[in-house]
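Please keep the sequence and the structure in view while reading.

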Amino acid sequence: MLIIKIALFLLILSFAIVNTDPVTVRYYLGFRWDAPLVVVVLLASCIGAVAGLLAGLFQVLRLRRELAGVRCELRAAREQGTTNAAGPAIMPPVDML
C-alpha cells in the first residue's frame, strides 16, 4: 500500500510541476479568477470527489435506515413466535429501488 501511495504522490507532483501555466476562470457577472492550471484542475477534482462522496453517503444512510426497520420487524416476529424451530422465518426480499 505504501508503494501505491508513493507512486500516486509522485504522479500528482509531476502533474503539478508540468502544469504551472496561469489560466483565467471566468464566472458570471464578470467575475474572474487567475490561478495556475494545476490548482484549478485539482480544485475541480476535489469538488467532484466531495459531491460523489455526499451522494454515496445519502445512499448508505437510506440503506441503514431500511436495514434497521427490517431488523425491527424480524425482532418483533421472533417475539411473537412466528419463527419455526429450524431458524428464522423466511422473509420476502426487500425491494432495493
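**Salt bridges and chain architecture**

Two salt bridges are found when the whole structure is searched. The model is a predicted one. Its protein chain contains two helices and two strands, arranged from the N terminus in the order α-β-β-α.

**The salt bridge between R32 and D34**

- The side chains of R32 and D34 form a salt bridge, with an N to O distance of 3.5 Å.
- R32 is exposed, its relative accessible area being 53%, a value that falls in this class because exposed means over 50%.
- D34 is partly exposed at 49% relative accessibility.
- D34 also takes part in strand pairing, as the bridge partner in β2 of T24.

**The salt bridge between R62 and E66**

- A salt bridge links R62 to E66, and their closest N and O atoms are 3.3 Å apart.
- Both residues belong to helix α2 (residues 37-80), where R62 and E66 are about one helical turn from each other because they are four residues apart.
- R62 has a relative accessible area of 27% and is partly exposed.
- E66 is likewise partly exposed, at 23% relative accessibility.
- As a general point, side chains of opposite charge can pair when their charged atoms come close.

**The strand pair and its loop**

- Strands β1 and β2 run antiparallel and are joined by five bridges.
- L29 is located in the loop that connects β1 (22-26) with β2 (32-36).
- Five residues lie between the strands of this hairpin, and within the hairpin L29 adopts a positive phi near 60°.
- L29 has this positive phi although it is not a glycine.
- What is the relative accessible area of L29? The value for L29 is 81%, and the residue is therefore classed as exposed.

- N19 is placed in the loop between α1 (2-18) and β1.
- Is N19 buried or exposed? N19 counts as buried because its relative accessibility is 18%, and buried means under 20%.
- The side chain of N19 comes to 3.1 Å from the backbone oxygen of F15.
- Leaving aside residues up to four places away in sequence, N19 touches L37 and V38.

- How far apart are the end C-alpha atoms of α2? They are 65 Å apart.
- This distance agrees with expectation, because the 44 residues of α2 should span 64 Å at 1.5 Å a residue.

**Totals for the chain**

- The protein chain has 97 residues, of which 5% are buried.
- N19, at 18% relative accessibility, is one of the buried residues.
- Among contacts in the protein chain with a separation of 6 or more, 17% are between residues 24 or more positions apart.
- The protein chain has an accessible surface of about 8,500 Å², and carbon and sulfur atoms contribute 71% of that surface.

Key
Residues are numbered from 1 along each chain as its sequence is written. This is a predicted model: local features need pLDDT of at least 70, side-chain atom pairs count only at pLDDT 80 or more; totals for chains, interfaces and linings use all residues. Side-chain values use heavy atoms; hydrogens and water are left out. Buried means under 20% relative accessible area, exposed over 50%, partly exposed in between (1.4 Å probe, protein chains only). A salt bridge is a side-chain nitrogen of Lys or Arg within 4 Å of a carboxyl oxygen of Asp or Glu. Two strands pair if DSSP finds at least two bridges between them. A polar contact is a pair of N or O atoms within 3.5 Å; within protein, one must be able to donate a hydrogen and the other to accept it, and residues adjacent in sequence count only if both atoms are side-chain atoms. Contact means heavy atoms within 4.5 Å. Accessible areas come from the Shrake-Rupley method with a 1.4 Å probe; for residues, only the protein chains shown count as cover. The expected span of a helix is 1.5 Å times one less than its number of residues.
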